Amino acid sequence: MPAKTVTSISADLQRRFAEAQSVVVLTGAGVSAESGVPTFRGGGGAAVWKGMPFDVISSAGMLARDLPSVWEWFDYRRELLKDLSPNPAHLALARWQNFFRDFLLVTQNIDGLHQAAGSRDVVELHGNIWRARCVTCGAHEELRYSRGVETRERACEVCGDALRPDVVLFGELIPLAPFERAVVKAGECELCFVVGTSAVVYPAAALPEVARSAGAYVVEINPERTPLSDFCDEVIEGRAGKVLPLFEAL
Ligand code: BJW
Ligand code: ZN
């Protein structure tokens with residue numbers, strides 16, 4: 001049966017939210033949109049930088065061919081992010097961590113805004129733009145205070161080899177341990193929220209499917225429909241920053 005599409009929270013969902021013991025939330029770029037972070041897809045367009053679609057510049061192939069250009073793209077993105085703040089959606093989800101016996105926030109976002117909002121335990125499926133990783137020994141370096149060309153030219157402090165952004169590019173494996181943790185929790189939760197993601201990138205998009213197959217009630221919050229919409233129990237058509245805080249008023 002197709003999902004109910006609503007613009008407010010149904011009485012059924014209100015009751016489920018009040019009674020749930022275990023909740024998993026999967027977030028995507030739409031959750032950060034109201035902070036001013038551009039999304040990759042949706043709104044009728046796709047991100048392009050210097051004439052290159054993002055799935056070309058943010059790819060394993062580009063990293064192998066042209067690491068300096070990949071750094072330039074991520075330096076540009078960090079520059080855009082550095083003055084942005086969490087929005088009401090991030091802040092609501094940070095409060096939710098105290099509402100349920102078992103709560104897991106899983107994000108595809110690399111911007112660190114969930115942590116900036118106060119979320120303590122965030123499963124990052126696609127890495128973090130504020131970290132670099134050595135291509136050889138895997139050592140990590142924080143990038144929070146380094147900017148621009150400096151990060152492209154620095155070498156690993158442990159082995160001296162090249163650093164790369166610690167994000168998961170297209171064609172790369174997502175880190176196994178966080179993904180397995182997310183799969184286990186998705187398989188155990190009663191309520192699963194899918195917020196601000198176009199749900200086209202796998203394996204992240206499989207998590208709501210895991211939750212639903214295991215009997216969870218799956219709720220999508222997005223102003224646009226996605227390939228997941230028909231598969232959800234309830235679709236709330238709206239912006240995350242407007243919809244998520246409404247749950248606390250229930
Ligand atoms: C709002 C809003 C508001 C707006 N409120 N909402 C199975 C089938 C087919 C292909 C594959 C498959 N399994 C794997 C693949 C390949 C590939 C993939 O999925 N491709 C598909 C696109 C076809 N996956 C991978 O390559 C992954 N690796 C992997 O699976 O390894 C195994 C493997 C290895 C080798 C070969 C084959 C398999 C890795 C994927 C890594 C993705 N990385 C990126 C880039 C990160 C770095 C960077 O930032 O540049 O991660 S891609 C990009 O998409 C980014 C995002 O995290 C990810 C998801 O995007 P998200 O978050 O959904 O954002 P948008 O922009 O797409 O959507 C925004 C949504 O918000 C829209 O719906 C709006 O409506 C909504 N919105 N305002 C609420 N205010
Ligand atoms: Zn190293």
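# Reading the labels on this model

Reader: Why is Cys-137 called partly exposed?

Author: Its relative accessible area is 38%. Buried means under 20%, exposed means over 50%, and partly exposed is in between (1.4 Å probe, protein chains only). The value of 38% falls in between, so Cys-137 is partly exposed. This is a predicted model: local features need pLDDT of at least 70, side-chain atom pairs count only at pLDDT 80 or more, and totals for chains, interfaces and linings use all residues. Residues are numbered from 1 along each chain as its sequence is written, chains are lettered from A and ligands numbered from 1 in the order in which they are written, and side-chain values use heavy atoms, with hydrogens and water left out.

Reader: Is Cys-134 buried or exposed, and how do you know that?

Author: Cys-134 has 2% relative accessibility, so it counts as buried.

Reader: What makes a residue a donor of the zinc ion (ligand 2)?

Author: A donor is an N, O or S atom within 2.8 Å of the metal (3.2 Å for Na, K and Ca); water is not among the atoms, so sites may look incomplete. The SG atoms of Cys-134, Cys-137, Cys-156 and Cys-159 lie 2.3 to 2.4 Å from the zinc ion. Those distances are within the limit, so these atoms are donors. Along the chain, their spacing is C-x2-C-x18-C-x2-C.

Reader: Why is the arrangement around that zinc ion called tetrahedral?

Author: The four donor atoms subtend angles of 97 to 117°. Four donors count as tetrahedral if all angles lie between 85 and 135 degrees. The ideal angle for four tetrahedral donors is 109.5 degrees.

Reader: What makes a set of residues a nonpolar core?

Author: The members are buried Ala, Val, Leu, Ile, Met, Phe, Trp, Tyr and Cys residues, joined through side-chain atoms within 4.5 Å. The largest such core has 26 residues. Trp-96, Phe-193 and Phe-247 have the most contacts inside it. Elements giving two or more residues include helix H1 (11-19), helix H6 (88-96) and strand S10 (191-195). H6 gives the largest share, four residues.

Reader: Which residues does Phe-193 touch?

Author: Contact means heavy atoms within 4.5 Å. Among its partners are Leu-13, Phe-17, Trp-96, Val-219 and Phe-247. Residues up to four places away in sequence are not counted.

Reader: What covers the buried residues of H10?

Author: First, the naming: helices (H or I, at least four residues) and strands (E, at least two) are DSSP runs, numbered from the N terminus. Helix H10 spans residues 206-213, and Ala-206, Leu-207, Pro-208 and Ala-211 in it are buried. Their cover includes S2, S5, helix H9 (176-188), S10 and S11. Gly-215 follows H10 and has a positive phi, near 105°.

Reader: Why is Lys-50 called exposed?

Author: Lys-50 has a relative accessible area of 58%, so it is exposed. It lies in the loop between strand S3 (48-49) and strand S4 (52-53). Its phi is positive, about 50°, although Lys-50 is not a glycine. Most residues other than glycine have a negative phi.

Reader: How do you know that the radius of gyration agrees with a compact globule?

Author: The radius is taken over C-alpha atoms, and the globule rule is 2.2 Å times the number of residues to the power 0.38. For 250 residues, a compact globule would have a radius near 18 Å. The chain has 18 Å, so the two agree. Of the 250 residues, 48% count as buried.

Key: Four donors count as tetrahedral if all angles lie between 85 and 135 degrees; four count as square planar and six as octahedral if opposite donors are over 155 degrees apart and all others between 65 and 115; anything else is irregular.
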